[in-house]
Amino acid sequence: MYSVEFDRPATLEAALAGLKAEDAQALSGGQTLIPTLKQRLAQPSKLVSLTAIPSLQGICVADDGMLCIGATTTHATVAAEAGAHYPALARLAAQIGDPAVRNRGTIGGSLANNDPSACYPAAVLASGALIRTNARDIAADDYFEGMFATALQEGEIITEIRFPIPEAAAYMKFAQPASRFALVGVFVAKTAGGVRVAVTGASEEGVFRWGAAEEALSADFSAGAIAGLSLPADDMIDDLHGTPDYRAHLVKVMTGRAVSAAQ
Amino acid sequence: MPKDHGIGAPSKRREDVRFLTGQGRYTDDINLHGQAHAVFVRSQVAHGRLNGLDTTAAAAMPGVIRVFTGADFAGVGGLPCGWQVTDRHGQPMQEPAHPVLAQGKVRHVGDPIAVVVAETLEQARDAAEAVEVDVEELEPVLDMKAALSDGAPLVHDDLTSNLCYDWGFVEENREAVNAAFEKAHHVTKLELVNQRLVPNAMEPRVAVGDYNTGTGDSTLYTTSQNPHVIRLLMGAFVLGIPEHKLRVVAPDVGGGFGSKIFHYAEEAFCTFAAKALRRPVKWTCTRSESFITDAHGRDHVTRIELALDAEGNFQAIRTETHANMGAYLSTFAPSVPTWLHGTLMAGNYKTPLIYVNVKAVFTNTVPVDAYRGAGRPEATYQLERLIDKAARELGMDPIEIRRRNFITEFPYATPVAVEYDTGDYNATLDKLIEIADLAGFDARLAESKARGRLRGLGINCYIEACGIAPSHLVGQLGARAGLYESATVRVNATGGLVVMTGSHSHGQGHETSFAQVVADMIGIDENMVEIVHGDTANTPMGMGTYGSRSLAVGGSAMVRATEKIIAKAKKIAAHLMEASPEDIELKDGAFTVAGTDRSVAWGDVTLAAYVPHNYPLEELEPGLEETAFYDPNNFTYPAGAYACEVEVDPETGKVTVERFAAADDFGNIVNPMIVDGQVHGGIAQGIGQALLERAVYDEYGQLLSGSYMDYAMPRADDMPFFTVDHSCQTPCTHNPLGVKGCGEAGAIGSPPAVANAVVDALQRAGHASVTHIDMPLTPARVWAAMQG
């Protein structure tokens with residue numbers, strides 16, 4: 001790690017001010033950023049930790065029924081506390097990484113990073129959640145802009161994620177054997193407005209919605225409804241863990257299993 | 001009743017007290033006064049010409065003491081290779097120079113080019129980034145077969161080709177083997193890859209060099225499985241330091257699996273730099289660096305054929321293997337695909353004719369050398385996969401075809417130059433059938449099917465040659481070292497013993513099991529025996545720990561030294577009791593005169609040896625300390641039978657190991673609990689190879705699986721509970737303990753069991769065309785195989 005200035009403000013305002021410094025970098029749980037720094041692959045001038053800001057932490061249900069999760073809430077907390085309101089989300093959080101990762105890593109950090117194999121983006125996109133920042137609310141459909149790319153502006157901080165709670169939902173993850181990130185992960189959410197299916201791990205473009213499956217499942221929410229579908233392999237990731245064809249196939253398998261699990 | 005002490009008792013591992021309470025002392029725990037820190041500048045490209053190196057900026061950075069380059073090592077020897085293989089035509093292998101720091105060319109990603117030594121590690125890292133390396137990239141040599149084609153770029157410009165050797169074994173059998181194939185009733189063929197693995201010891205390598213300006217002595221603290229071997233290789237061949245002025249210490253070592261046998265550039269560098277700078281120099285490998293500098297394992301591409309008669313009797317085996325050496329010859333690399341592989345191709349079977357051809361190839365990759373099992377897993381895997389395929393082709397039961405061909409009479413001289421002293425392969429197979437509950441397989445199969453899972457059963461046998469090795473034999477085969485082992489037994493005045501062994505424990509539990517042997521021989525408490533190892537300054541010259549040799553060879557040396565102690569102690573006891581030494585018996589720590597009630601205690605005798613007031617000084621020296629060297633006159637041949645049951649998810653191709661059973665014959669057992677642990681670890685490593693692990697290079701020679709994000713290590717939840725048994729015991733006939741060695745068996749025996757089980761599952765599900773899937777059998781590969 002290169003030497004770096006470290007700031008751990010107690011308010012959002014102070015954090016925003018700190019991030020105005022040139023090459024300053026926000027730090028949440030650090031489960032991606034810290035290893036990157038240790039490898040000397042990044043050299044920010046300053047790290048602004050968000051983890052001492054009370055308003056960014058915690059889980060609650062708002063008056064409008066939305067499940068609100070503070071951006072620096074750890075995966076372990078989501079796993080432990082979100083279950084009563086949104087069991088599929090809590091189960092997803094419980095499957096991220098290992099206990100050490102889950103007790104440091106945060107939902108906001110995961111979404112800001114938008115790793116193409118991360119789990120949370122699938123839940124956020126399938127749920128049609130809102131990403132609330134210091135400046136605005138961003139709809140999930142507008143937030144994810146491809147691998148490691150998001151709608152966040154320079155210096156913008158995610159403060160909260162607001163999940164509408166679906167009628168039924170499930171996440172199915174097929175783990176990459178080494179990293180245990182999602183080789184393919186599919187989150188299926190059934191809402192009054194229809195079914196949403198979000199896929200992580202599979203595409204070069206990052207998390208995406210599988211429109212054909214959503215249409216079929218909105219008409220018939222059963223695993224059999226997607227039997228006749230197939231997903232094009234064109235944009236799928238090709239690496240030593242799986243070919244595009246394999247990933248496209250897994251998306252369908254995992255979608256079917258998620259639908260069954262959500263019944 | 002199981003014993004509660006001595007040989008055969010499951011004594012708890014005494015070393016675990018310090019390991020489990022954080023009091024182990026590993027090399028990285030050693031920090032010497034005034035030490036400086038070394039960081040290596042390594043090649044980022046697989047193959048390139050080193051046109052220039054500018055260290056000016058780096059040398060001027062804060063804290064930098066000196067920047068070393070290849071020029072500093074111009075007058076220093078290269079890293080030596082410890083084994084010379086002779087090819088089919090009687091010519092010695094091609095043996096390229098292996099400089100400590102690159103000279104003129106870089107030959108793999110990770111090849112060391114320069115080293116920055118600075119006051120702090122961070123300063124050394126900063127300056128290492130400022131070293132300017134001018135490399136002209138050359139086309140990398142990666143694929144072994146392409147490397148041997150005409151016009152392929154040369155890894156070593158001064159060699160005639162990328163072929164290290166073309167080895168034929170037994171060359172005289174070649175024509176007879178070919179003739180047997182001509183007239184065979186049936187020939188089964190298989191092409192397979194035994195993939196490259198990264199050793200991944202839990203403790204990365206570390207070296208600390210020290211130089212005493214007052215005495216002119218050099219000391220190297222290093223993560224080694226064999227400190228004396230490092231002292232010999234580095235002192236005599238690299239740095240020119242005589243052994244009496246060089247001390248090598250390998251303290252607690254956190255796993256080796258072979259990768260810490262070899263002499264590495266970093267060890268020579270730290271020793272050299274400490275003398276040059278007159279201060280200690282420390283290097284600690286990062287995990288990323290381990291991936292591109294620790295010698296890798298396996299990496300064989302093999303074509304194997306089996307000729308059978310109509311009854312399924314094996315008539316001949318013929319193989320052709322391409323074995324990757326990587327960019328340089330690591331210490332024992334040439335021996336692995338030859339003498340540790342070709343000699344095992346008979347397996348447990350009486351195949352009369354065998355011919356093994358191995359082409360060892362240089363490529364622009366990390367050097368490959370011995371890794372847990374070293375050549376024997378490669379032999380076992382190809383043979384046991386092939387036999388399964390043959391059984392299927394002939395419609396025979398995989399157990400029946402093995403039994404039909406078992407060697408049943410011992411000693412048995414194989415057609416590949418080794419003589420098995422003893423064994424009972426039907427006994428271990430019978431035991432396996434029992435402990436694996438093969439009778440219950442059909443019910444489990446039905447249960448899996450009801451859950452939509454495919455179930456398969458894989459069984460295989462294995463044999464290995466351990467207790468490495470008879471020096472006179474390996475000398476004829478090209479070893480540039482002897483492979484005896486040593487022990488000094490020092491008895492203290494008050495009766496306690498210190499045993500100094502040339503073996504080295506880095507996870508094997510020697511401190512416990514060795515003490516059990518010596519205590520048992522004398523009849524005293526194990527806690528009266530201390531085992532000292534790992535420091536050339538206080539242990540006799542030994543060859544270290546690998547090849548499942550420590551108890552069979554090192555333990556035998558310890559027995560011999562203890563026998564000398566007992567013989568002398570009996571003379572002292574005889575004097576004390578005014579009896580004849582021939583009449584003295586030692587039992588339960590007391591010497592008695594046979595047939596009488598006269599007795600002296602062990603402690604009385606040891607005290608007399610050091611306080612010789614009443615002592616036969618005219619006949620016997622005072623003191624009680626003996627050394628023995630033991631050179632085995634044959635290998636040992638542990639053998640066994642393994643069974644694996646897997647479930648395959650037909651939709652995803654994911655394999656889960658549901659059951660695993662191992663019936664091993666290790667001869668006599670000193671500590672059954674430690675043996676269980678060794679087998680568990682070996683099986684875990686073997687399942688890791690079978691299902692998960694794989695070193696993958698891209699077309700540019702960059703290691704794609706260069707971190708745990710992509711290199712899949714086995715984890716606890718990848719494993720079932722193991723059922724292991726070692727009650728079948730045919731003791732080794734030629735060492736005093738009758739032991740055979742157990743350290744590698746699990747890693748040798750388990751990969752074919754897993755692969756056989758997966759193929760069986762797919763065959764049972766109607767995938768008739770699937771006769772083989774290369775390791776690792778990842779979900780993607782298994783799924784692809786099911787697609788036809």
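Domain bounds here come from an automatic or database domain assignment. On that basis, chain B of this predicted model is divided into domain 1 (27-138 + 202-255 + 260-293), domain 2 (297-469 + 634-786) and domain 3 (487-622). Where domain 2 of chain B meets domain 3 of chain B, the contact takes 20 residues from domain 2 and 16 residues from domain 3. The domain 2 side of that contact has 11 nonpolar, seven polar and two charged residues. The C-alpha centres of these two domains of chain B lie 40 Å apart.

Chain A is divided as well, into domain 1 (5-49), domain 2 (57-163) and domain 3 (168-262).

| Pair of domains | Distance between C-alpha centres |
|---|---|
| Domain 1 of chain A and domain 3 of chain A | 34 Å |
| Domain 2 of chain B and domain 3 of chain B | 40 Å |

**Chain A as a whole**

The secondary structure of chain A comes to 10 helices and 12 strands. Its radius of gyration is 18 Å, close to the 18 Å given by the globule rule for 263 residues, so chain A is as compact as a globular protein of that length. Along the principal axes, the C-alpha atoms of chain A fill a box of roughly 55 × 45 × 30 Å. Of the 263 residues in chain A, 47% are buried. Among contacts in chain A with a separation of 6 or more, 60% are between residues 24 or more positions apart.

**The nonpolar core**

The largest nonpolar core has 320 residues. Which residues have the most contacts inside it? They are V188(A), V116(B), V518(B) and V758(B). Helix α15 (residues 550-576) of chain B gives the largest share of this core, 12 residues. Leaving aside residues up to four places away in sequence, V758(B) touches G456(B), V646(B), V648(B), V655(B), I773(B), L777(B) and V782(B).

**Helix α7 of chain B**

Helix α7 of chain B covers residues 265-277. At 1.5 Å a residue, its 13 residues should span 18 Å, and this agrees with the end C-alpha atoms, which are 18 Å apart. Is α7(B) mostly covered or mostly exposed? The helix is mostly covered, with 10 of its 13 residues buried. The buried residues are A265(B), E266(B), E267(B), A268(B), F269(B), C270(B), T271(B), F272(B), A273(B) and A274(B). In an α-helix there are 3.6 residues a turn, so residues three or four places apart point the same way. Just after α7(B), R278(B) takes a positive phi of about 60 degrees.

How values were computed:
Residues are numbered from 1 along each chain as its sequence is written. Chains are lettered from A and ligands numbered from 1 in the order in which they are written. This is a predicted model: local features need pLDDT of at least 70, side-chain atom pairs count only at pLDDT 80 or more; totals for chains, interfaces and linings use all residues. Helices (H or I, at least four residues) and strands (E, at least two) are DSSP runs, numbered from the N terminus. The expected span of a helix is 1.5 Å times one less than its number of residues. A residue is buried if 20 or more other C-beta atoms lie within 10 Å of its own, exposed if 12 or fewer, and partly exposed in between; C-beta atoms are placed from the backbone. The radius of gyration is taken over C-alpha atoms; the globule rule is 2.2 Å times the number of residues to the power 0.38. Two residues are in contact if their C-beta atoms, placed from the backbone, lie within 7 Å. A nonpolar core is a set of buried Ala, Val, Leu, Ile, Met, Phe, Trp, Tyr and Cys residues joined through C-beta atoms within 7 Å. Ala, Val, Leu, Ile, Met, Phe, Trp, Tyr, Cys and Pro count as nonpolar, Asp, Glu, Lys and Arg as charged, and the others, Gly among them, as polar.
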